[in-house]
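Work through the exercises below with the sequence and model at hand. Each task is followed by a stepwise solution.

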Amino acid sequence: KQRNLLFKFSRFFTEKELERYISTFEKDLNAYFSFTQTTSKEYTNMTTGCYDNILFFKSFLLESISRRNNLTQSDSSILHIARQQKSYLRHLSNEFSKPSAERDSTLIAFWEDKANIVEKDLVRSVSGYGDLVRQVSWQEVQQKLSTGSAAIEFVSYQYYTPKPTDSTIYAALVLLPSDTSPHFIPLFEERQLQALLNRPGLSEKLVLKDLYGNSSELRRLLWDPLEPLLRDVKTIYYSPSGLLHRLNPAALLDASNQTLSVRRQWVRVGSTRELVTGRLADRSFASSPEGNSDNTLTAMVYGGITYDMDSLAFSSANPPVLLDSTENPLRKDGAFSYIITEQPSGKASDTRGNPDGTWGALTATEQEADQVSNMLVDAGFRTFKQKGFSASEDQFKQIGANAPSPRILHLATHGFAYSDPKKDPPKGFGDSEPTYKLLDDPMLRSGLVLAGANYYWKNKRPLANREDGVLVAYEVRDLNLRNTELAVLSACQTGLGDIVGSEGVYGLQRAFRIAGVKFLIVSLWEVPDEQTQELMRLFYQNWLEKKESLRDAFNNAQQRLQEKEPNPYMWAGFVLIE
């Protein structure tokens with residue numbers, strides 16, 4: 001009944017209304033999982049119900065909004081309404097980027113109301129939406145599993161006895177090809193995982209080394225309970241939940257002191273229902289980057305970005321762009337062109353951050369952008385490369401506006417994902433801190449840093465008539481990237497953000513998925529520059545030159561890097577999300 005109601009209301013609720021409505025079911029799901037935990041051996045029908053429920057509810061809002069956007073962009077009769085909504089959301093984004101003392105709450109309420117009204121018009125006008133959203137059963141997922149493969153839905157839930165407790169339990173719903181029902185495997189309490197992840201006084205590198213090391217407590221909590229079922233499995237399709245979004249299980253060591261990725265391929269998905277309805281059901285591009293007459297091979301690569309501001313050089317590289325402009329820099333005389341804009345001389349030292357809290361230059365990203373661009377060109381891609389001052393937010397927001405977005409989008413730059421200020425207030429907040437740290441919306445607290453951003457970071461305002469150079473997830477989600485098959489976010493923490501119930505991570509990965517990107521490579525921690533550059537070289541070499549599938553190319557690149565750098569901190573920070 002609840003699933004039918006949610007399905008019905010998804011056809012006319014706005015995103016925020018739908019999000020609030022979904023949250024009302026969380027308590028019932030928690031109670032259902034709690035009861036199953038104690039009765040799964042006696043009542044196998046409980047485990048089938050659990051799997052069907054999680055197939056429906058997990059990332060339901062993400063998939064619904066993604067499909068809405070795709071249908072909206074495909075329907076020329078309502079495209080003008082979508083552009084109007086995008087204009088309102090840009091006004092909101094500009095207001096949120098201001099220091100809190102300068103924000104106009106009345107103006108924010110005005111633009112939010114305008115955007116909400118237009119969104120309701122869009123939802124009512126989208127045709128064919130109901131045909132795309134359908135319920136999937138565990139049996140349908142099972143039918144897609146080949147011999148030697150398994151599907152795992154990780155779940156996290158507040159434990160009920162039947163009254164709610166302060167304990168959050170993690171469990172795994174494991175499905176094998178020959179099963180008569182899914183297996184329900186209780187794993188651990190969240191506080192046990194939190195103790196492993198949060199270790200004051202230790203560097204991230206040391207924490208990660210211990211997490212994935214030989215005597216790993218994480219292996220005992222996560223892998224040992226699953227190993228008897230997965231002993232002969234070669235491919236694992238898994239969907240994380242809760243804090244598991246911050247981990248790469250493929251990097252754990254097994255009893256023979258080998259990483260789990262050596263004997264098994266781990267395929268990370270938003271939900272295992274995608275084996276039936278989503279990206280995994282159509283893998284033509286993932287298997288081969290070949291082009292066709294209807295879809296030219298195109299790519300856009302960012303790297304070697306100049307974060308400090310030189311207004312004269314910035315202006316010559318980037319003519320001012322109005323918020324509602326539809327000019328697209330990819331379009332030139334009706335065709336894509338190959339352009340290289342060199343970075344000015346006098347680069348800063350290669351550092352993650354400057355003493356004043358601004359962003360330091362990343363010289364390794366310039367080399368990465370050059371080598372990736374060269375490999376793409378050699379493989380037949382028409383490649384547009386943005387470096388120096390030309391890698392601006394103004395330019396990025398024109399992607400997909402008046403021409404199809406590129407098939408491949410590669411961004412090598414700084415990334416950030418700030419924690420919720422209500423739960424983890426920023427320490428030592430001062431004039432040098434970015435206002436993005438204090439915002440409530442998690443989609444405004446994660447993003448990528450583009451050209452000239454240090455001007456905003458220092459002055460709390462952008463250069464006149466320009467974007468601030470900080471591309472947050474809130475802004476990405478409203479772009480039209482549905483022609484982009486692969487986005488590589490080669491920056492720190494691009495896979496992180498707030499974890500919201502069954503919806504998963506609210507951050508850049510969610511934003512790019514909503515914008516229409518099919519496959520994503522994101523990072524889970526502050527990845528080292530040199531190893532990142534090498535990983536990207538190996539990945540593109542495997543995919544473009546050796547013609548390996550997207551999945552194999554990425555996994556083999558990590559295996560190769562692991563042989564050189566056994567420490568998981570060096571090679572396991574990136575994950576491919578399908």
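This is a predicted model: local features need pLDDT of at least 70, side-chain atom pairs count only at pLDDT 80 or more; totals for chains, interfaces and linings use all residues.

Residues are numbered from 1 along each chain as its sequence is written, and side-chain values use heavy atoms, without hydrogens and water.

**Exercise 1.** State how many helices and strands the protein has, and what share of its residues is buried.

Step 1. Count DSSP runs: helices are H or I of at least four residues, strands are E of at least two. The protein has 24 helices and 16 strands.
Step 2. Apply the burial cut-off, under 20% relative accessible area with a 1.4 Å probe, protein chains only. Of 578 residues, 59% are buried.

**Exercise 2.** Describe how H22 and H23 pack.

Step 1. Locate the helices: H22 spans residues 529–545 and H23 spans 550–564.
Step 2. Classify the angle. Under 35 degrees is roughly parallel, over 145 roughly antiparallel, 65 to 115 roughly perpendicular, and the rest oblique. H22 and H23 are therefore oblique to each other.

**Exercise 3.** Which residues does Ser137 contact, leaving aside neighbours within four places in sequence?

Step 1. Ser137 sits in the loop between H8 (129–132) and H9 (138–143).
Step 2. Contact means heavy atoms within 4.5 Å. Ser137 contacts Asp52 and Leu55.
Step 3. The C-alpha atoms of Ser137 and Asp52 are 5.4 Å apart, across 85 residues along the chain.

Definitions and conventions
Buried means under 20% relative accessible area, exposed over 50%, partly exposed in between (1.4 Å probe, protein chains only). Axes are lines fitted to C-alpha atoms, for helices over the stretch in contact, and angles run from 0 to 180 degrees between N-to-C directions.
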